[in-house]
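Work through the exercises below with the model open. Each task is followed by a solution in steps.

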Amino acid sequence: MKANANQIRTAIDAASPDVRLYLFHGPDESGARELAARLGRALGPEAERIDLEPAQLRSNPGLLADEAAALSLFGGARHIRVAGAGEESLEALTLLLDADRSGNPVVVLAPTLKATAKVVKLALAHQRAMCLACYLPEGGDADRLATAIAREHGLRTTGGTAARLAAASGGDRAVMTRELEKLALYLDAAPERPRELDDAALDAVGANLGDSEMSRAIEAALDGHPDTLADELAGLAEAGVSPIPVLRQLTRRLIALAEMQADIDAGADPKALIERVFFRERASTTRALRLWDTARISDAIERIRQAERAIMSPNNPGNVVADAAMTVIARMAARQR
């Protein structure tokens with residue numbers, strides 16, 4: 001069944017036995033992972049977590065239902081997580097939901113699946129499943145998210161600090177949380193001893209996540225300048241900038257280009273479309289439209305999403321994955337120059 005984030009949190013915190021499957025789909029993989037981690041916390045520190053790969057479910061669809069019904073090795077709580085799932089998991093999820101019994105909850109992260117996917121429709125239609133579409137928070141939603149996470153760490157946002165945090169992190173919950181953890185430590189804040197978070201603290205401790213620095217790297221990638229991109233990425237790494245907001249901003253730019261290309265293919269006047277773009281970005285957008293067609297844009301977006309999923313996985317190589325993906329994109333553009 002369809003659920004909102006508050007309903008999901010309530011069910012997770014109550015360890016509802018009626019829910020066999022939590023399906024989180026959509027591009028905000030960081031938000032989905034936070035909800036998955038919440039389930040682990042709700043079950044307790046001794047809970048056993050079983051990680052399954054989509055390929056395992058494709059080759060052995062009954063495995064998921066078996067694991068969901070199995071007892072923990074030590075007799076305690078147990079939960080199963082499947083990351084990067086797609087339509088190959090449909091049969092496994094069907095068997096899980098139709099099984100006679102299932103004592104262990106299952107969380108499935110499916111960042112590439114849309115609302116029209118068969119897996120999503122299955123979860124929406126079943127009373128033993130809760131399905132949430134996870135989208136990156138923007139605008140006021142991102143500001144409210146920053147305020148809520150700050151409150152959990154004993155910080156009260158003031159003035160424009162929530163908006164600064166949201167913009168600096170690109171709406172990424174994980175990046176935002178790491179920054180607020182550092183700020184709480186700096187201000188000696190905790191839920192039982194709240195402190196005000198002002199601009200001075202952000203200036204003193206917050207990572208340098210300025211839009212201009214990220215924008216230069218994104219422009220170098222889209223313009224097809226790998227050498228320039230290498231210098232910009234080195235500067236971002238030196239400043240301690242997480243690759244996630246950079247990748248997310250690049251994705252947004254590519255999606256905007258894809259929408260403009262679709263309008264042009266449908267007969268729209270390119271000059272009229274460019275006039276709607278923020279004046280400082282008109283020249284770079286004009287260049288990008290010449291270099292990037294729909295197929296290449298789709299390829300680039302998929303590469304970025306793969307890199308983001310790799311970065312969010314355990315024991316990941318970090319910035320190397322993001323740098324490699326952006327370099328490939330820069331070379332794709334360079335071949336069209």
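**Exercise 1.** Does Ala-15 count as buried, partly exposed or exposed, and at what relative accessibility?

The structure is a predicted model, in which local features need pLDDT of at least 70, side-chain atom pairs count only at pLDDT 80 or more, and totals for chains, interfaces and linings use all residues. Residues are numbered from 1 along each chain as its sequence is written, and side-chain values use heavy atoms, with hydrogens and water left out.

Step 1. Buried means under 20% relative accessible area, exposed over 50%, and partly exposed in between (1.4 Å probe, protein chains only).
Step 2. Ala-15 has 40% relative accessibility, so Ala-15 counts as partly exposed.
Step 3. Ala-15 sits in the loop between α1 (5–13) and β1 (21–25). Helices (H or I, at least four residues) and strands (E, at least two) are DSSP runs, numbered from the N terminus.

**Exercise 2.** Describe how α8 and α9 pack.

Step 1. The axes of α8 (residues 161–169) and α9 (residues 173–187) are 9 Å apart, at an angle of about 130°. Axes are lines fitted to C-alpha atoms, for helices over the stretch in contact, and angles run from 0 to 180 degrees between N-to-C directions.
Step 2. The two helices, α8 and α9, are therefore oblique to each other; angles under 35 degrees count as roughly parallel, over 145 as roughly antiparallel, 65 to 115 as roughly perpendicular and the rest as oblique.
Step 3. From α8, Leu-165, Ala-166 and Ser-169 meet Val-175, Met-176, Glu-179, Leu-180 and Leu-183 of α9, contact meaning heavy atoms within 4.5 Å.

**Exercise 3.** Which residues have the most contacts inside the largest nonpolar core?

Step 1. A nonpolar core is a set of buried Ala, Val, Leu, Ile, Met, Phe, Trp, Tyr and Cys residues joined through side-chain atoms within 4.5 Å.
Step 2. The largest one has 40 residues, and Leu-229, Leu-250, Leu-254, Trp-292 and Met-326 have the most contacts inside it.
Step 3. Trp-292 is in contact with residues including Ala-221, Ile-297 and Met-332, leaving aside neighbours within four places in sequence.
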